Amino acid sequence: MQLSKRAKQLIPKARIVSFATWKNHYPSEVIAIFQKADDEGRYLTDEDIERIKTLSSETLVSLERAKLLREKATEIVSEARKKVLERFPNITQPGGDLYPPERAEACWRDFWHFLRCISYGIAGQSTAYTSQEGLNNMQLLYQELRVPLEAMVLGLENLKCFSLKQFQGEELENIAPYFDHLIEKMKQFQ
């Protein structure tokens, strides 16, 4: 898939996570662990989680929730993808918004990364885990690439739905706002 010069410029700027507001709540070493994971485009590792637990004991439960989402990420993304394809059955066919296959793969990869970013918010107990500048750049990138926003929002809503199925009771109320935050930000792209 050939990317425009503008898209290539926007991709590194479309980083939607920011830990700037966390400085009053966590030691710099904890923030550095999150930042390194984000810089590397990966979920928190077991080692990261154990290190954060030793530095910030109030995150024990939230880190376990983030770990569960990491362990179920492939399944959750797959289920969200199925729902998008059910609603938009021709989206990956010739003439569809996610054709050729490389476009569809980029979309599913974004679902994986959205869940990763949400897991950071959950782990850090902060619904303010996004960067407005990064989101603005993502919006510009999505416009440039003609990403089907309705399908992306539906995907995010289904990431929430299938993620919440991993939890029960009070946990559902505690976790939903992290998804809602990104869903609302993405809806503003439209």
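**Close-up 1. The surroundings of Asn137 in this predicted model.** Leaving aside residues up to four places away in sequence, Asn137 touches Leu10, Lys13 and Ala14. You will find Asn137 in helix α6. Asn137 has a relative accessible area of 11%, and because buried means under 20%, this residue counts as buried.

**Close-up 2. Helix α7 and its buried residues.** Here we turn to α7, which has 16 residues and reaches 22 Å from its first C-alpha to its last. That span is close to the 22 Å expected at 1.5 Å a residue. Of the 16 residues of α7, 12 are buried, so this helix is largely enclosed by the rest of the structure. Among them are Leu149, Met152, Val153, Leu156 and Leu164. The buried residues of α7 pack against α4, α5 (101-123), α6 (132-145) and α8 (170-187).

**Close-up 3. The crossing of helices α4 and α7.** The axes of α4 (residues 60-87) and α7 (residues 149-164) come within 8 Å and cross at roughly 135 degrees. That makes α4 oblique to α7, and their crossing is right-handed. From α4, the contact is made by Leu69, Ile76, Val77, Glu79, Ala80, Lys83, Val84 and Arg87. On the α7 side, Glu150, Ala151, Leu154, Gly155, Asn158, Leu159, Phe162 and Ser163 take part. Sorted by class, this contact of α4 with α7 has nine nonpolar, three polar and four charged residues. Several of the α7 contact residues are also buried, including Ala151, Leu154, Asn158 and Phe162.

How values were computed. Residues are numbered from 1 along each chain as its sequence is written. This is a predicted model: local features need pLDDT of at least 70, side-chain atom pairs count only at pLDDT 80 or more; totals for chains, interfaces and linings use all residues. Side-chain values use heavy atoms; hydrogens and water are left out. Axes are lines fitted to C-alpha atoms, for helices over the stretch in contact, and angles run from 0 to 180 degrees between N-to-C directions. Helices (H or I, at least four residues) and strands (E, at least two) are DSSP runs, numbered from the N terminus. Angles under 35 degrees count as roughly parallel, over 145 as roughly antiparallel, 65 to 115 as roughly perpendicular and the rest as oblique. A crossing is left-handed if the near helix is turned anticlockwise from the far one by less than a right angle, and right-handed if clockwise. Contact means heavy atoms within 4.5 Å. Ala, Val, Leu, Ile, Met, Phe, Trp, Tyr, Cys and Pro count as nonpolar, Asp, Glu, Lys and Arg as charged, and the others, Gly among them, as polar. The expected span of a helix is 1.5 Å times one less than its number of residues. Buried means under 20% relative accessible area, exposed over 50%, partly exposed in between (1.4 Å probe, protein chains only).
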